[in-house]
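Let's take a walk through this one together, with a few questions along the way. Keep the viewer open and follow along.

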Amino acid sequence: MSRAGVVLCRCNTLIDSKMDFNTIERRLQKHKNIVFIQRVNMACSPAGKQIIEEMASLHGIDSLVAVACSPLAKGSVFKDLTRKLGIDKNMLEIVNIREQCAWVHEYDDATSKGLTLINMGINRVVKAQPDSTTINCAMINKIKCDKCKRCLEECPNRAISINDDGYPAVNPDLCQRCGVCIGGCPLAVISLPDFKVDEISAMLKGASGAKSPFIVGFFCDFAYEEADKMGQAGSAYSPNLHIIRVPCTGAVNMITVNDAIAEGVDGVLIAGCDASQCKRKRGNEVARYRIENFQKSLEEQFLEKERLSYVSLGEGLKEASIINDDKCNRCGACQQVCPYGAIKQQDEGKFQVYYKACRSCGICAAACKPGAILVPVCPDKKIMNAIDAALAI
Amino acid sequence: MSQKQSMPKSKGEIEVIIYETDFLIIGAGNAGCFAAIEAKRKSPDVKVTLIEKAHIDRSGCLAAGMDAINTYIKKGKTIDDFVKWSRSQAGGLLREDLVIKIAENLNQPIEEWEEWGLPIKKDSETGEYAHRGKWDIVIQGESMKPILAEKVREFGCQVLNKVVATNYLVTDGKVVGAMGFGVKDGKMYVIKAKATCVATGGAAGLYKNYTNDATNSHHQLWYCPFNNGAGYAMGIRAGAEMTTFEMRWCATRTKDFNGPIDTISVGYGTPMINHKEEKIMQKRYADLGGETAPRFLRANAPMEEWLEGRGPCYVDTRGMSDQDIKDMKTDYLNERPSYVLFLAARGQDLKEEPIEIYGNDPYIVGGHTASGYWMNSEDWSTTLPGLFACGDVAGGVPNKFVGGCAAEGILAARGALEYISKLDEPIDIDESQIEAEKDRVYAPLFRMYAEGDGVKPLEMEERMQRLMDEYAGGVHQFFRMNEEQLKYALKHIKILQNQVKYLVAEDIFELMSAHEVIDRLDVAEVLIHHLIFRKETRWPGWQTRTDYPEKNDAEYDCFVNTKKNTETGEIEVFKREYKQIVPGDRLKPN
Amino acid sequence: MGKINIIICTNIHCQGSKINFLEIKEVLEKDGYEVVLHSNFCDEIKRGFYPSPFNNCKLPTVFAGCSPCVMEGKLKKLLNCPVEIVNIREQCAWIYNNVEEVNKTCQNKIFFGIKQVKYARIESQPENVLGKKLKGYISLMEKYGPNPFKM
Amino acid sequence: MPPKVDITKCDGCRAEEEPLCDQICPGNLMRLNEQGKAECRSSRDCWDCMSCTKICPQGAIETRLPYQLGYYPAKLIPKVGTDKIMWTCVDINGKVERYVIKTRNN
């Protein structure tokens with residue numbers, strides 16, 4: 001029996017003013033796996049961390065559910081905390097009820113969706129097992145693998161090869177942890193240290209009683225970030241959507257989608273980058289292929305094919321970089337280094353940034369010898385100025 | 001393509017792969033998997049190897065799953081109760097010493113299976129397994145075989161998929177492994193072992209099934225059609241003593257599909273009726289137990305109705321509730337999903353139209369009847385030293401089903417480990433038998449290259465099936481037979497055995513098919529000897545002699561056993577005495 | 001100098017009590033900046049409405065408070081002027097114990113922000129792509145009705 | 001004619017020697033053809049156990065009963081999840097039935 005501690009962070013009232021923590025606490029009280037529920041003003045503050053540490057040692061928990069802001073915001077705080085508490089890294093679940101719930105939904109909707117999200121999170125840590133592996137790469141469960149070799153074909157980084165024992169093995173130096181192999185494995189026997197198919201399946205079970213139509217979104221890191229941005233901007237969207245973060249759209253196994261449909265989920269959205277722009281090289285390309293195939297199967301089952309749909313997000317989220325053709329020497333280095341395939345050479349030889357695909361990472365600017373590329377959000381001048389300023393102080 | 005390239009065209013081209021192991025298990029079905037797991041957990045140092053004709057994840061009877069465990073000793077029931085029930089169901093003939101030992105181990109594998117992930121329905125009040133009949137519990141066993149296969153791998157057993165065994169390795173009368181070939185790679189496999197356990201399936205496809213059409217439905221059987229009786233055949237050829245083949249498994253199945261029927265009749269208490277809407281069992285077999293009459297009677301009853309002109313017969317589903325129908329279809333989806341497809345393909349509404357039933361083609365299957373190796377209850381060995389048996393090939397214990405076969409796997413592994421621990425000298429193998437087996441196994445391929453003409457495995461199989469059906473009591477003959485018919489069948493089986501040398505195979509798959517029919521012929525021969533010997537009718541339906549319609553306890557209240565004389569090739573038939581351990585009337589369940 | 005507004009969030013739960021904000025304010029004001037101390041800027045964020053205390057609310061503004069990851073988007077939307085965020089919480093108040101050190105770092109960071117703020121721009125609000133796409137999707141799902149596998 | 005392979009969906013398990021259906025078939029009946037697509041070498045020998053249909057990652061295999069036994073176009077479609085299986089059955093009159101069945105304990 002898992003012993004989970006639940007921390008509800010108020011975020012200095014930025015969260016609990018937007019949803020009803022009392023109801024949530026009351027509803028969670030009955031959960032057999034929860035040993036304490038602790039409300040803190042700011043979980044990331046020294047005072048907040050101290051309270052959590054005290055509660056954790058008092059109750060002897062083996063897993064922690066941090067109900068707080070986005071893992072992209074303060075995830076490292078909780079990771080450090082669990083390390084300090086001796087809780088396995090896989091036994092931490094951060095439930096993002098700030099950016100993706102409290103800040104985008106009406107009070108009552110936020111409360112009920114928050115509860116669903118928390119239940120999903122609890123389900124994950126209850127299902128999760130401590131994971132002592134220190135190698136951070138895809139792992140293949142040989143007990144279940146039947147050596148079909150599809151992972152070899154689909155790995156965008158050629159990180160998987162056949163071992164002497166006939167089973168596929170992952171080269172940790174090449175593995176980029178994109179999870180495309182996980183998504184493609186017909187038996188779902190591959191996992192990443194922080195992404196396991198059976199745990200996702202357990203999360204889906206936590207969804208009972210959710211608002212109908214119940215929509216689950218598998219959001220790749222970039223789409224997830226965009227959803228967070230919506231939260232920051234306070235751009236409301238429907239509370240029917242429940243987001244599960246995945247490394248890449250290519251990491252979503254269709255077995256998981258089957259789980260969702262079997263669990264009664266009304267619609268599944270897979271959200272990722274625009275076609276050309278996957279940082280994982282071809283994650284969304286294989287995802288689209290799998291989705292198309294799955295949609296055919298849905299229709300065969302007399303279900304509407306849109307019950308599984310792809311959404312591209314992150315288009316033009318940031319101001320795109322600009323190439324000054326007067327300075328450009330046409331070396332093409334920018335095109336080579338761009339992780340999103342956003343730079344293309346035009347017919348007349350000019351290099352141009354496709355604004356929808358650019359994520360303003362600045363790698364092209366750093367690689368551009370003649371200094372022809374301007375990154376509007378952080379121009380060279382600003383960086384130089386920062387260095388001057390730092391030296392002057 | 002690549003498979004054809006690797007196909008040997010002459011003896012010199014045969015690639016021989018030699019493995020050495022401690023404990024070899026032939027057949028990675030339910031029983032074999034439990035034997036492997038038990039051996040590995042009792043003695044982790046013992047090297048355990050399984051060979052499997054298909055793939056361990058979905059091989060054998062449990063390929064599609066299972067909806068119930070029919071032998072679970074529930075609270076309040078005793079081993080004696082179980083023996084008495086099983087004995088009465090089998091018409092009073094079984095090996096009580098074996099049954100008692102199996103009964104002692106019946107529950108362990110099921111509880112383990114649950115722990116490993118098999119969902120078993122629980123009674124919401126008591127927390128005990130929810131029961132369906134006297135000894136049945138309901139499971140959701142669609143994935144029970146993959147779950148078991150995962151455990152086998154987890155325990156560190158070596159699994160050789162796609163390798164079919166063809167004969168035992170025998171040295172000084174002891175079984176020291178087995179030979180076979182890869183059904184995909186065409187290589188010859190020689191596995192030397194300190195102890196060997198045969199855990200293959202029974203024999204389907206000896207008889208023609210009535211669903212067979214010229215182009216399709218050859219395998220529309222209830223029993224797994226890929227179980228061809230290889231385990232029996234290897235034993236017969238090596239001179240092992242076999243028992244009770246004449247107790248054939250003929251049962252009432254769903255008409256035109258050969259689907260299981262106990263799911264409906266036992267699980268949901270639906271009565272069997274004839275076209276006059278008479279409840280068959282209650283009307284004609286009330287004195288023999290009515291709906292709970294012994295299995296052979298229940299198998300035979302609808303066929304008798306047909307013969308008397310009161311067919312077709314049904315199980316009456318019209319009184320079932322919507323929920324029951326849904327639950328019943330769920331059970332089918334867990335065991336034989338395509339039966340649900342069949343009902344849909346007939347557009348049948350079970351509340352309007354009952355399910356039609358009929359007899360199936362007879363099978364030799366030790367999990368249901370007592371056919372198989374004559375066993376030693378001390379260590380689950382056969383009459384061949386070094387050879388152990390479990391599951392459908394092990395004889396003497398009818399009604400063991402999935403649970404009993406699993407328990408037998410455990411018992412056979414224990415016996416084998418004990419045997420291995422007592423072995424001191426290393427295995428010394430007479431290599432000439434490997435050469436001889438090469439000749440025998442690959443002959444149909446070589447004949448195809450050399451002659452380009454001969455007998456196709458399917459042709460021979462269909463000839464044998466028609467012969468058995470018509471002359472050895474098949475379903476088209478309402479399971480009836482007489483001495484003359486049986487002798488005719490035997491004569492032609494012998495002709496077919498002589499024709500084996502003309503078999504041709506174009507590829508490795510056909511080579512496998514060729515050996516399946518060769519093995520079936522050997523089983524059929526022994527079966528006919530058994531049927532001829534028992535000059536009585538002990539189990540009408542399973543064994544109906546029109547020339548001896550009565551039971552003759554004075555002569556035949558015993559086991560009929562056979563053994564092939566390995567010198568002369570003759571089948572010797574003899575009796576073995578019945579030993580009663582649990583007191584009481586053997587025909588009464590309590 | 002001048003032409004820069006400075007907001008410092010002094011929330012005691014965040015910044016603690018070691019930093020002498022009044023002194024820092026004085027130093028900054030000496031340099032000609034308009035400085036406002038705010039005891040809990042989250043209140044403004046929460047309310048979503050900020051009556052600017054500055055003479056010219058459109059001037060580039062340095063905001064000293066928590067890390068941008070906490071509420072950058074909300075803050076910029078609220079202030080609606082070029083903003084440079086100076087993290088005096090996670091990168092100052094929460095990591096230094098020494099009073100002198102924490103005060104010095106805080107002041108330096110704000111000066112750094114003042115130098116950088118000229119590069120700050122008013123960012124256009126991101127388009128609510130998710131909201132729009134989701135709206136269409138939900139109405140489609142509503143039209144289709146519940147998943148028939150829902151038991 | 002039991003396993004019917006939709007060759008537009010089958011990708012031959014990416015042209016590996018033994019596609020999953022070939023590995024799993026208890027009767028060793030499946031194989032890759034010259035075009036790299038799965039096919040049943042002997043449909044009359046199929047037991048309709050549906051192992052291939054369940055395991056196919058592309059959902060490319062349909063188990064169809066011999067017409068001699070069951071009429072066209074009834075369908076039974078399994079979809080496998082991590083611990084459950086979904087079945088959709090449609091009969092010859094177009095009536096759809098659905099089942100979700102647990103296959104593994106958690």
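Is Glu114(B) buried or exposed? Keep in mind that this is a predicted model, and then look at the number: Glu114(B) has 18% relative accessibility, so it counts as buried, the cut-off being under 20%. Its salt-bridge partner is Lys122(B), and the closest N and O atoms of the two sit 2.9 Å apart. Lys122(B) comes out as partly exposed because its relative accessibility is 42%.

That pair is a handy way into the charges. Side chains of opposite charge can pair when their charged atoms come close. Over all chains, the count comes to 94 salt bridges. Take Lys11(B) and Asp439(B), whose closest N and O atoms are 3.3 Å apart. What does this pair link? It ties together distant parts of the chain, 428 residues apart: Lys11(B) lies in the loop between helix H1 (2-5) and strand E1 (16-26) of chain B, while Asp439(B) belongs to helix H14 of chain B. Lys11(B) has a relative accessibility of 29%, so it is partly exposed. Asp439(B) is partly exposed too, because its relative accessible area is 39%.

Now for a pair in another setting. Glu408(B) and Lys400(B) form a salt bridge with their closest N and O atoms 2.8 Å apart. How accessible is Glu408(B)? Its relative accessible area is 0%, so Glu408(B) is buried. Lys400(B), with 1%, is therefore buried as well. Elsewhere, salt bridges with shared partners bring Glu246(B), Arg534(B), Glu536(B), Arg538(B), Asp553(B), Asp557(B) and Arg586(B) into one network.

Some charged residues gather in a patch instead. Asp172(B), Asp424(B), Glu425(B), Asp428(B) and Asp430(B) make up a negative surface patch. Where is Asp430(B) found? Look in the loop of chain B between helix H13 (401-422) and helix H14 (432-450). Asp430(B) has 41% relative accessibility, so it counts as partly exposed.

Time for the strands. Strands of a sheet pair through backbone hydrogen bonds, either parallel or antiparallel. Start with strand E13 (residues 355-359) of chain B, which is mostly covered, with 4 of its 5 residues buried. Which strands does E13(B) pair with? One is strand E10 (residues 252-254) of chain B, antiparallel to E13(B) and joined to it by 3 bridges. Here Thr252(B) stands opposite Gly359(B). Another is strand E12 (residues 313-315) of chain B, which also runs antiparallel to E13(B) and is joined by 3 bridges. In that pairing, Val315(B) has Ile355(B) as its bridge partner.

Finally, trace the open sheet of 4 strands in chain B, ordered E14-E9-E18-E19 with antiparallel pairing. Which are the edge strands? They are strand E14 (372-373) and strand E19 (571-577) of chain B, each of which pairs on one side only. At the E19(B) end, strand E18 (residues 558-564) of chain B pairs with E19(B) over 7 bridges in the antiparallel sense. One contact to pick out there is Lys564(B), whose bridge partner in E19(B) is Ile571(B). As you step along a strand, remember that in a regular strand the side chains alternate between the two faces of the sheet.

Key:
Residues numbered from 1 in each chain as written. Chains lettered and ligands numbered in written order. Predicted model: local features only at pLDDT ≥ 70, side-chain atom pairs only at ≥ 80, totals over all residues. Heavy atoms only, no water. Patch = residues over 30% accessible without salt bridge, like charges linked within 9 Å, V, L, I, M, F, W, Y side chains within 5 Å. Areas by Shrake-Rupley, 256 points an atom, 1.4 Å probe, with all protein chains shown as cover. Salt bridge = Lys/Arg side-chain N within 4 Å of Asp/Glu carboxyl O. Lys, Arg positive; Asp, Glu negative; His and termini not counted. Charge placed at Lys NZ, Arg CZ, Asp CG, Glu CD. Helix = DSSP H or I, 4+ residues; strand = E, 2+ residues; numbered from the N terminus. Buried < 20%, exposed > 50% of the residue type's maximum accessible area, 1.4 Å probe, protein only. Pairing = 2+ DSSP bridges.
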